[in-house]
Amino acid sequence: MTESELIAAARTAAAQSYSPYSSFPVGAALLFDDGSVVTGTNIENASYGLGLCAETVAVGRAMADGKRGGLVQVAVTGPGAEPITPCGRCRQVLNELAQLGGTDPEVLCVGPDAVNRVKLSALLPHAFGPASLV
Ligand code: THU
């Protein structure tokens, strides 16, 4: 799975976005160490505050499939003019899955003209996670 393929998977996921309120479709693609990819997209709600972000949907899907770590790379795509960056809640949600397997995934923040590559630990320094409870 190349970086471009992972980004393409995120863009494909974003095509299924349910975002009638923001008109801001987001896609996320999670790459695991076994080569598998799990995607998600944002799902909004008429009760606005209940919307789900793409990254959170992807993590939920992955964990429902039994994933408990092995997260090596994440691609996030949005419609904006600048590379999108995961929201704070999604950083925390991604951290849970990453920390379970002891990885520090690279997050590809994708824009129309550029890709910012940032480690999750840089997006969420001093993270609180499962290891904090033991
Ligand atoms: N959104 C995501 O899906 N991921 C993020 O990291 C940032 C924001 C969604 C939430 C909402 O549906 C729309 O983008 C506008 O905020």
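A polar side-chain atom of N42 lies 2.9 Å from an oxygen atom of the ligand, a polar contact in the sense of a pair of N or O atoms within 3.5 Å. This is a predicted model, in which local features need pLDDT of at least 70 and side-chain atom pairs count only at pLDDT 80 or more, while totals for chains, interfaces and linings use all residues. Residues are numbered from 1 along each chain as its sequence is written, and side-chain values use heavy atoms, with hydrogens and water left out.

**Contacts of the ligand**

**The shell around the ligand**
- The residues that surround the ligand, each with a heavy atom within 4 Å of it, are S22, F24, V26, N42, E44, C53, A54, E55, T85, P86 and C87.
- This shell divides into 6 nonpolar, 3 polar and 2 charged residues, where Cys, Ala, Val, Phe and Pro are among those that count as nonpolar and Glu is among the charged.

**Cysteines**
- The structure holds 0 disulfides, a disulfide being a pair of cysteine sulfur atoms within 2.5 Å.
- C53 is in no disulfide, and the nearest cysteine sulfur, that of C90, is 3.8 Å away.
- The sulfur of C87 has its closest cysteine sulfur in C90 as well, at 3.7 Å, which is too far for a bond.
- C53 counts as partly exposed because its relative accessibility is 31%, between the limits of under 20% for buried and over 50% for exposed (1.4 Å probe, protein chains only).
- C87 is also partly exposed, with a relative accessible area of 32%.

Conventions. Polar contact = N/O pair within 3.5 Å; in protein donor to acceptor, adjacent residues only side chain to side chain.
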